Amino acid sequence: MADAIKSFPLPSSVAVVPGTEGAQAAYPYYTQFVPEDDERFWFYNSMHFPEPMHHFDMITAEAAYCALGAFNTRVHVLPTTKGIDHRIINGRVYIGGVAVTDPAEIAERQTLFQQRAFYYYEHWERLYDQWKVKMKLLIGEATDLPKVELPEWEPIETTHTGKGVAANHALVDIYRKQLEGYFRMWQHHFEFLLLGYGAYLTFFDFCKRAFPEISDQTISRMVAGMEAEIFRPDEEVRRLARRAVELGIDGLFQEGMTVEAVFAELDALGNSGAAWRDELETSRNPWFNVNVGDGFYHYHRSWNDDLSLPFSALPGYIAKVRAGEPIDRPVAQLIREREQLVIDYRELLDTEADRATYDQLIGLAHRVFPYVEGHKFYCEHWYTNLFFNKIREFGALLAGHGFFAEEADVFHLTHYELESAIIDLSLAWSSGSPPIGPKRWPAIVAERKAAIAAWAGNRVPPALGAVPDVIDDPAIVMLWGITRENLDRWLAEDGDDDSRELKGFAASSGVVEGLARVVTSAADIGTLRQGEILVCQVTNPSWAPIFQKIAAAVSDIGGSMSHMAIVAREYGLPAVVGTGSATQRIRTGQRIRVDGGRGVVTILDEVLEDA
Amino acid sequence: MPEAIAWFADVGIHDRPVVGGKGASLGELAGAGIAVPPGFVVTTQAFELFLAALEGRAPVRARIEACDADDLDMVTALSREVRRRVVEEALPPAVETALLAAHRALCGEAGAPVAVRSSATTEDAADASFAGLQDTFLWVIHADDLVARVRECWGSLYSVESIAYRRRQAFPEAGVAMAVVVQIMVDAAVAGVMFTRSPTTGDKSVITIEGAWGLGSAVVSGEVTPDRWVIGKITGEISVRDISDKHIEHCPVASGGVEECPVTEDRRRTPCLEDDLLQALREIGRKVERHYGAAQDIEWAVNRGGAVMLLQSRPETVWSTRAAAPIAEPLANPLAHVMGVFGVRR
């Protein structure tokens, strides 16, 4: 291309959307762009934060980057990269890597890295077992936190036991412990993650050199675990379908039913209904602590919070059980297929040296992958659900005292502001005066609600600042898949929104045409009908149960290493992930073609008129 | 002494000196249980008998060996003279009888159309490419036409380029011979080529398939941009689907030969192969590759009944002849491999 290299806008040139200045200023000062930031390259982290950030939800970015950076920069000491800086403007999170370029510093860090990271690799299984113990302990602590409440009178037990602290103290204590737990969880999250991805990427790079045309999907199939925790929720739904048939109550699970209606019918059935509800409770704890998004937003609720997703999958599974079709994942067969794949590719290698290297690399990749796949259930799902639900309890309490109208309004406060509101309420409860908050927060909440709405309709540049010559930061490449080629494509694509073709990662091959069903929230999942094409924002393995009823899947975000790709392949469905804007450009009811082998989605119908 | 005619069923790869590379390959494939259009080979023995008749009138091989490769006028005059003699010389009765009998046996009284293709015996790829690679005559119906096409194939040994090349290499003319393949013409709905090793990257893990509507000659000659697919050899995953604008196709002419036809608008951008046929081709490609123990370049056709037939398979020569250097040596400490990702600026 002879075109001069275009550049992205400088951070300083991005204007705050008019009318949202107050909401922008309310984000912590250390997340605001400063003039020096014009010297650096930033990109919009649409993979993790595809929507404007509620002020409270910024805690996820803060906790995650605190932990990621700590492990990269100071624990494992990655030789060529440090942590990630983050900024927010118009509700969008931009991030920038911190590369190490001085050869002497790299050399020093290489020595430290080999002492530290290699220790992790060598003792991976023991350390990961230990990690699971740590995480379960942390989850236990969060589960055991007392309910958030301020009684009119302190219970008499406080007197009888000589407890010596009142409920308002517990309130602040619970909040701080919960925050501490969330930050700790993210530290644990990054204890292994980059090392795990790095080992995988080492194998990945070797495969790409040995087999230049191998697909990303094939490489991840060689490594993917078949018994990771993340498959369990779906397996539990299948189990419940089988139990419903065994108990002879399968008839009451119908397409389009509501959870409440099913519960009412189950209760009317007596023993068999109660038996199934017991089974359901067994599954829910812990396996339904899986949320319908990636856990980064407070509104990514879990199956436990909204049973409509697992319930919507029951009729399909039940029909299969009735027809005598096997519905259990053929784990042994999947493992055999993976092993055969590894053997078959090995045989294609030209030299003995390559086969020996391949054995070393696949061995390491297999060692690290259980963590890469398994950690999400504990961190982004289980713990995160507990965390946001605990914050909801504070929301309900504050709403009850007139701080704002609804429980979920609490997420319009930053975590600092929320602590101040809790202290305000604590002081008011102790003094017997009314709190100040109800005069302060409703207007602020209204302003921020309006800002989130304004930002949602505001298109933002995919990156800011000068384009670097090369993107060689291993963290950026591994976690975000950002390459120089991506950037060039972003620059070239600027403004071609009219195209009927959407490009993404080829996640699972096959070509299917059908009617689109755009699902933007868990509440919409029940609307999915057999044979439709799922179009959603995020791809997540917790959606696995609905894959049995759809013809193909398309998502806005997600890479070719995503769990969704694995699930789609298991079901043999075409899938394209990471299209950027499928949920905005495709409407429910439109005919679309999904080419999962090429990573292309084509809109076949004229744009529908707005109803 | 070999016969003038050899049926595919009776020959294999080791019969190359008698039936040429193409004939030997087709016989070998048929023997391995791969579907190829039925046919026979006019052997080098037939050629030798014919040449003996020619030599009986005036020398051929001796004059070519005496020819100066750098004297283009001399080579051109000699080529013209020998090729004229090849056209004019009657077939030895034994050869003509055997050829016509085989033709009747293959095509029946109705006279099914055949393809006539030269099948060079030389191991030298460059020589083969001069001598007759382009000599494929499609949709040949009449017996006299068949005889004329066989002569043309023989005559191609004496093209200017071919003679000049052999003289430059100082090959002896004794043993320079040409076999000719005669096989039932596949009325191809779709045809094309398949590479069991990537022609662009040498990747052994993928099969590349190119195809277009109608007879394969449109693809082989480059007159149409074919659809192109890349398929995982092991996984069957179709990772690339390049569907091109296939504006023309080669169609048979009822009276013999082929012509170029425009492709109707609705078919131009329609993929010429569905996934099930792509997978069938992949399976065949793997089978042939396993049979030979080496990567293959294959020509294939799908007949009007939807059956896949192979027209030719030859060993891949571009990548297979390169020395394979290891991609990465194993390390005493396997963990040190990760330094390639973490340790250095790329």
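This is a predicted model: local features need pLDDT of at least 70, side-chain atom pairs count only at pLDDT 80 or more; totals for chains, interfaces and linings use all residues.

Q: How many bridges join strand S3 (residues 114-120) of chain B to S4(B), and what makes them a pair?
A: Three bridges join S3(B) to S4(B), and the two strands run antiparallel. Strands, which are DSSP runs of E of at least two residues numbered from the N terminus, pair if DSSP finds at least two bridges between them. S3(B) and S4(B) are therefore a pair. In S4(B), B:Thr136 is the bridge partner of B:Arg117.

Q: Where does S4(B) lie in its sheet, and why is it called an edge strand?
A: The open sheet has five strands in the order S1-S2-S5-S3-S4 (chain B), with antiparallel pairing. Strand S1 (5-7) and strand S4 (136-140) of chain B are the edge strands, as each pairs on one side only.

Q: Why are H8(A) and H11(A) called oblique?
A: The axes of helix H8 (residues 232-246) and helix H11 (residues 308-322) of chain A come within 8 Å and cross at roughly 55 degrees. Axes are lines fitted to C-alpha atoms, for helices over the stretch in contact, and angles run from 0 to 180 degrees between N-to-C directions. Angles under 35 degrees count as roughly parallel, over 145 as roughly antiparallel, 65 to 115 as roughly perpendicular and the rest as oblique. H8(A) and H11(A) are therefore oblique to each other.

Q: Which residues of H8(A) and H11(A) meet?
A: Residues are in contact if their C-beta atoms, placed from the backbone, lie within 7 Å. Among those in H8(A) are A:Val237 and A:Leu240, and H11(A) contributes residues including A:Leu314 and A:Ile318. By class, this contact has eleven nonpolar, no polar and three charged residues; Ala, Val, Leu, Ile, Met, Phe, Trp, Tyr, Cys and Pro count as nonpolar, Asp, Glu, Lys and Arg as charged, and the others, Gly among them, as polar.

Q: What makes H9(A) and H10(A) oblique?
A: Helix H9 (residues 259-269) and helix H10 (residues 271-287) of chain A pack at an angle of about 130 degrees, with their axes 5 Å apart. H9(A) and H10(A) are therefore oblique to each other. Their contact divides into four nonpolar, two polar and two charged residues.

Terms used: Residues are numbered from 1 along each chain as its sequence is written. Chains are lettered from A and ligands numbered from 1 in the order in which they are written. Helices (H or I, at least four residues) and strands (E, at least two) are DSSP runs, numbered from the N terminus. Two residues are in contact if their C-beta atoms, placed from the backbone, lie within 7 Å.
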